[in-house]
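Please read the following note beside the sequence and the structure. The points are set out in numbered order.

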Amino acid sequence: MASTATKKKPKSEGAGSELSTGKADLSASRTLGRKSRRDSSESGGTKEKRYSSTGSSVKGSKSGSSGKGSDKLDNAQRRTLRSYDFGLPEKREFPMPDAAHVHAAESYFRYASTADKPQLARRIMAKAKKFGVDVESDTIRQWAKKKQS
């Protein structure tokens, strides 16, 4: 028992203590002109201020398609959509009731089956034109030109 009480205590000063407390890393990052995590948290939390000024939360709300820029639909909203609001109406896949959903359909286009891609690409192009969305994907433009098999 006596041997456990006489253990050496770690040094509280010197080069080893700076590394264990992180002070050396902090001072090195400041001298290089970089901000560490500690520096960015001391800056006043600009992210919280930015999100709180818009009135929206960081995770977003469950407003569905009524929220500007939201591409989330809950089940009730999805059931109320008409068939022509979908990229693939017979399967009710790739809903596009607004511009945000057209962007989402463009992003998820690669997950569609090869047989469905020509129809989906044409519907994305049509909805993009309707909502004034610029389709950036050359792949979608190429698939829209192909004949449906």
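1. What covers the buried residues of H9 includes helix H7 (99–107) and helix H8 (117–131). Here contact means heavy atoms within 4.5 Å, and buried means under 20% relative accessible area, exposed over 50%, with partly exposed in between (1.4 Å probe, protein chains only). Helices (H or I, at least four residues) are DSSP runs, numbered from the N terminus.

2. This is a predicted model, in which local features need pLDDT of at least 70 and side-chain atom pairs count only at pLDDT 80 or more, while totals for chains, interfaces and linings use all residues. Residues are numbered from 1 along each chain as its sequence is written, and side-chain values use heavy atoms, with hydrogens and water left out.

3. In helix H9 (residues 138–145), Ile140, Trp143 and Ala144 are the buried residues. They lie on the same side of H9 because they cover an arc of only 105 degrees around the axis, taken from the directions from the helix axis to the C-beta atoms. Gln142 and Lys145, on the other side of H9, are exposed.

4. Ser137 lies in the loop between H8 and H9. Its relative accessibility is 19%, so Ser137 counts as buried. At the start of H9, a side-chain oxygen of Ser137 comes to within 3.3 Å of the backbone nitrogen of Thr139. The side chain of Ser137 also reaches the backbone nitrogen of Ile140, at 3.2 Å.

5. Which residues does Phe109 touch, not counting residues up to four places away in sequence? Among them are Phe94, Leu120, Ile124, Ile140 and Trp143.

Note on methods:
Helix = DSSP H or I, 4+ residues; strand = E, 2+ residues; numbered from the N terminus. Polar contact = N/O pair within 3.5 Å; in protein donor to acceptor, adjacent residues only side chain to side chain.
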